Amino acid sequence: MSQLANIRIGIIGTGGIAHAHARAYKQIPGVEIVGVADIVPGKAEEFLALELLHEARAFQSHRDLLTLDLDGVSICTPNISHHQLTVDALRANKHVLLEKPMSVTLEEAIEMTEAAHDSSGMLTIGFQPRYDPNMTLVRDIVQSGKLGKVYYVETGGGRRRGMPGGTFIRKDLAGAGAMADIGCYSLDMALHALGYPRPLTVSAYTSNHFGTNPLYHPEAARFEVEDFGAAMIRFEGDLVLQFKISWAMHMDTLGSTMFLGTDAGLKINPFGTGNWSGVWDGRVGDITMYHDVMGLQTHTPIPVISHDKDLFLEKVRDFVEAIREGRPAPIPGDQILIQQAIIDGIIRSSEQKREIELKLPDTVFAARV
Ligand SMILES: NC(=O)c1ccc[n+]([C@@H]2O[C@H](COP(=O)([O-])OP(=O)(O)OC[C@H]3O[C@@H](n4cnc5c(N)ncnc54)[C@H](O)[C@@H]3O)[C@@H](O)[C@H]2O)c1
């Protein structure tokens, strides 16, 4: 333990998820949380007291925190601030572990990746489901060619009664609702398996019948984002993705994630059941391969890899190890901005009620990992 290089960490934003970051960092040998920042006066100090981080310093401005000698920062603030805080941290040459979703708009995501290219720091996005080994299994099956040409993918799924409140439902702080909040996980799951192909167009619908109804949400008067959405996304290579997400609905599920290929199909269900389950912010539950020749259908369950990994700890540990080993970002901004382009397109398409063309710079694909 004593031979490990000490990694000095700062945390920006000390609300709900920052505690999960602090708890993870405290479990990793050779990591020291040296400072935290929160714009709400006194909140950073309260956080340090709660987390028993008596040696760490508290700040109200992230800029003051960034003057410390830090290796990396976790950014744990509402979505709307991800862009500025990430750019500032990268310009200060710190490595960044940014909470999902990456940003609100595509323009912001592009600037963030440019800042990462110009920095000695890396930008990694915190999608903990990637650390479920079954996600790698799904990707390996899709990439192996066993499905033949994949032409149609469906992903999303939905919570039945899983609407958050607070900063998550304010357009000025969250930027978007369910599509970005939990949709980013589903998109990452499908797009990662497909190798992040280039999206061309999106046509989307969103609504918020539940969030704005006091029968269903205690903060209905302040509910400004979507609680449901569905989108059709076309990709290069004649591939289509149907994507649907809900925070609330009168239905048990919006279905499984499925990959339809010319030789076989793959169906994946998420782990867990209940009001807040049913989306890819957790673990893989089961995987089945379907194959049908001349009416002789086979359903082959693929044994899922059983594990007791704490996926959140794994994502924070991978960030620390990447810093220590001088590795590139584990889940690079260059890759995630492709799904940010889709989320940005979904919001614009649903506002304009028409199909939107997605214009990503060619450099995105030249630079992506
Ligand atoms: N990976 C996960 O499982 C997971 C779970 C929950 C939330 N999140 C993400 O984490 C982010 C934060 O969510 P949360 O639930 O902790 O929200 P929260 O509202 O509980 O906390 C956010 C904190 O950031 C502070 N803040 C806002 N702007 C700031 C700024 N410019 N500088 C410093 N502090 C600032 C706020 O005062 C607040 O204390 C969101 O983007 C959310 O999507 C991820």
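At the start of helix 10, Asp310 reaches in with its side chain: one of its oxygens comes to within 3.1 Å of the backbone nitrogen of Phe312. This is a predicted model. Helix 10 covers residues 311-325, and 11 of its 15 residues are buried.

**Helix 10: ends and length**
- From first C-alpha to last, helix 10 reaches 20 Å. That is close to the 21 Å expected for its 15 residues at 1.5 Å a residue.
- Gly326 follows the helix. The phi of Gly326 is positive, near 65 degrees.

**Helix 10: what it covers**
- Helix 10 is mostly covered.
- Its buried residues include Leu311, Leu313, Val316, Phe319 and Ile323.
- Charged side chains are on the buried list too: Glu314, Lys315 and Asp318.
- The buried residues pack against helix 1 and several strands: strand 1 (7-12), strand 2 (31-37), strand 4 (72-75), strand 5 and strand 6.

**Helix 1 meets helix 10**
- Helix 1 spans residues 16-27. Its axis comes within 9 Å of the axis of helix 10, and the two cross at roughly 65 degrees.
- The crossing is right-handed.
- Helix 1 brings Ile17, Ala20, His21, Ala24, Tyr25 and Gln27 to the contact. Helix 10 brings Phe312, Leu313, Lys315, Val316, Phe319 and Val320.
- What kinds of residues make up this contact? They divide into 9 nonpolar, 2 polar and 1 charged.

**Helix 5: cap, length and packing**
- Thr105 caps the N-terminal end of helix 5. A side-chain oxygen of Thr105 lies 3.1 Å from the backbone nitrogen of Glu108.
- Helix 5 (residues 106-117) has 12 residues. It reaches 17 Å from its first C-alpha to its last, close to the expected 16 Å.
- Glu108 is itself buried.

**Gln339 in helix 11**
- Gln339 is found in helix 11.
- Is Gln339 buried or exposed? It counts as buried because its relative accessibility is 0%, and the cut-off for buried is under 20%.
- Leaving aside neighbours within four places in sequence, Gln339 is in contact with Phe127, Cys184, Leu187, Asp188, Leu191 and Tyr196.

Conventions: Residues are numbered from 1 along each chain as its sequence is written. This is a predicted model: local features need pLDDT of at least 70, side-chain atom pairs count only at pLDDT 80 or more; totals for chains, interfaces and linings use all residues. Side-chain values use heavy atoms; hydrogens and water are left out. Axes are lines fitted to C-alpha atoms, for helices over the stretch in contact, and angles run from 0 to 180 degrees between N-to-C directions. Helices (H or I, at least four residues) and strands (E, at least two) are DSSP runs, numbered from the N terminus. A crossing is left-handed if the near helix is turned anticlockwise from the far one by less than a right angle, and right-handed if clockwise. Contact means heavy atoms within 4.5 Å. The expected span of a helix is 1.5 Å times one less than its number of residues. Buried means under 20% relative accessible area, exposed over 50%, partly exposed in between (1.4 Å probe, protein chains only). A polar contact is a pair of N or O atoms within 3.5 Å; within protein, one must be able to donate a hydrogen and the other to accept it, and residues adjacent in sequence count only if both atoms are side-chain atoms.
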